[in-house]
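Subject: Structure handover

Hello,

My notes follow below it.

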Amino acid sequence: MTIPLSVRRVTGIAAAFLLAACQSDPSGPGTTAFVSLAAGGFHTCGLSSAGDAFCWGRNTEGQLGTGSTAHESSPKAVHGGHSFAHIAAGSPHSCAAATDGTGYCWGRNNDGQIGDSSIFDRLVPTPVARPIDFVQVAAAAFHSCGLDAGGSGHCWGDNQYGELGDGTTTEKFVPVPVMGGLQFTSLVVGLAHSCALQSDGTAHCWGRGLEGQIGDGSSINRVEPAEVHGSIAFASLDPGGNHTCGLTADGVLYCWGKNDFGQLGTGSTSRQVLPVLVADTISFVDVAAGLDHTCAVDTDGAVHCWGDNTHGQLGDGTMEGRLSPTRVLGGLRFRSVSSSGRHTCGVTTGGEAWCWGNNEYGQLGIGAGDPRLEPVPVRSP
């Protein structure tokens, strides 16, 4: 779920949310390049260098955007021929920002997460109702957010915990401004909370905070942005299920929130309501927080994962959970990584797309089947 660090109309991570240049085909890495990837709940999406969107995996609610509800076990073109600059995969829906700034979403819409003023599922990209010039989008389980060209945040959908940041707990079917008048450089979403960065590295989070995922020292929900404590200047953020991680410009990684699976990477399962240091001997360049696990790329290109591993999403060849960073097998060198509920995907320094973990709906892009406990190459569209 990693998202680019600036509001420029280019793709970069937790963003987050998302991954740079990749290639793949059925027998191994191929010649079709993606410029970004986004791992969702049970599906994955990516953008080609031409701005074409492809999605694969589960499609019960139309989250692949293909015009049907048929599952796809290898990359399938998103309907409409739109040219996109940024894409995000949530749990049962997906969103993207077109090169002209139009926001589109598709898939499940029971809580208004599509943002078209309705509660009807959409099988193809559907414009977000309000004319906002989006440079970045983010999709969670039941809500969505976007960042406009001026750095203002907008969110829509479910708002039970205040995850829209508009000062209420009322769901919204169209985008509403995030309160506070803050200008952000990136905006990312977790299961039921949202986070954003200012240009000076100050982090703010809002929404569900019962596990400490807001990072302000409390365990309460926040209906508008609350500053993450610790006076840490972050370069990127990525919220997961009920935890959040942030990376500084010099590669220091912090996580906070729920930790029952060891997803904070601290060597314990103790919950943390403030940012805590992860693996002070490793310098990271990218981080992606999943539902109950986390992965990060170090300066040598190796991916390390920790937390829940019941579906092989840590990529270490086992299904054993890990309380601290554990290196992904395969000897590949990655530039970025994206984590979801039960699977993980990454792009190598050579521009190849690989995924691992749960594959019951074909979300690894290799054909549906058993989980893969270490990285496998994604098929070419």
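Ser336 has its bridge partner in E27: the residue is Val347. Keep in mind that this is a predicted model.

The sheet around that bridge

The bridge belongs to a pairing between E26 and strand E27, residues 343–348. The two strands run antiparallel and share 5 bridges. They are part of an open sheet of 4 strands. The order is E26-E27-E28-E29, and the pairing is antiparallel. Which strands stand at the edges? They are strand E26 (334–339) and strand E29 (372–377). Each has a single partner strand, so one side of each is left without a neighbour in the sheet. From one strand to the next, the twist averages 20 degrees.

The chain as a whole

The chain has 381 residues, and 61% of them count as buried. Its secondary structure comes to 29 strands and 0 helices. The C-alpha trace spans about 50 × 45 × 30 Å along its principal axes.

Disulfides

How many disulfides does the structure hold? The count is 7. A disulfide is a covalent bond between the sulfur atoms of two cysteines.

Cys45 and Cys55. These two are joined by a disulfide, with 2.1 Å from S to S. The link is right-handed, with 105 degrees about the S-S bond. Cys45 sits in strand E3 (residues 43–48) and Cys55 in strand E4 (residues 53–57), so the pair ties together parts that are 10 residues apart in sequence. Are these cysteines buried or exposed? Cys45 is buried, and Cys55 is buried too.

Cys145 and Cys155. Here the S to S distance is 2.0 Å. The torsion about the S-S bond is about 105 degrees, so this disulfide is right-handed. Where do the two cysteines lie? Cys145 is in strand E11 (residues 143–148) and Cys155 is in strand E12 (residues 153–157). The pair therefore ties together parts that are 10 residues apart in sequence. Both Cys145 and Cys155 are buried.

Cys295 and Cys305. This disulfide has 2.0 Å from S to S. With 110 degrees about the S-S bond, the link is right-handed. Cys295 belongs to strand E23 (residues 293–298), and Cys305 belongs to strand E24 (residues 303–307). The two cysteines are 10 residues apart. Cys295 is buried, as is Cys305.

The largest cavity

Rolling a probe the size of a water molecule over the atoms shows where empty space is left. What volume does the largest cavity have? The value is about 40 Å³. Its lining consists of Ala302, Val303, Arg327, Val328, Leu329, Gly331, Leu332 and Phe334. By class, that lining has 6 nonpolar, 1 polar and 1 charged residues.

Two of those names tie back to the notes above. Val303 is one of the lining residues, and strand E24, which holds Cys305, covers residues 303–307. Phe334 is also among the lining residues, and edge strand E26 covers 334–339.

That is the handover. Please send any questions back to me.

Best regards

Key:
Residues are numbered from 1 along each chain as its sequence is written. This is a predicted model: local features need pLDDT of at least 70, side-chain atom pairs count only at pLDDT 80 or more; totals for chains, interfaces and linings use all residues. Side-chain values use heavy atoms; hydrogens and water are left out. A disulfide is a pair of cysteine sulfur atoms within 2.5 Å. Buried means under 20% relative accessible area, exposed over 50%, partly exposed in between (1.4 Å probe, protein chains only). Two strands pair if DSSP finds at least two bridges between them. Axes are lines fitted to C-alpha atoms, for helices over the stretch in contact, and angles run from 0 to 180 degrees between N-to-C directions. On a 1 Å grid over the protein atoms alone, a cavity is a set of points where a 1.4 Å probe fits but cannot get out, and a pocket is an open set with protein on both sides within 12 Å along at least five of seven lines; lining residues have an atom within 4 Å of a point. Grid points are joined across faces, edges and corners, and a volume is the space filled by probe spheres set on the points. Ala, Val, Leu, Ile, Met, Phe, Trp, Tyr, Cys and Pro count as nonpolar, Asp, Glu, Lys and Arg as charged, and the others, Gly among them, as polar.
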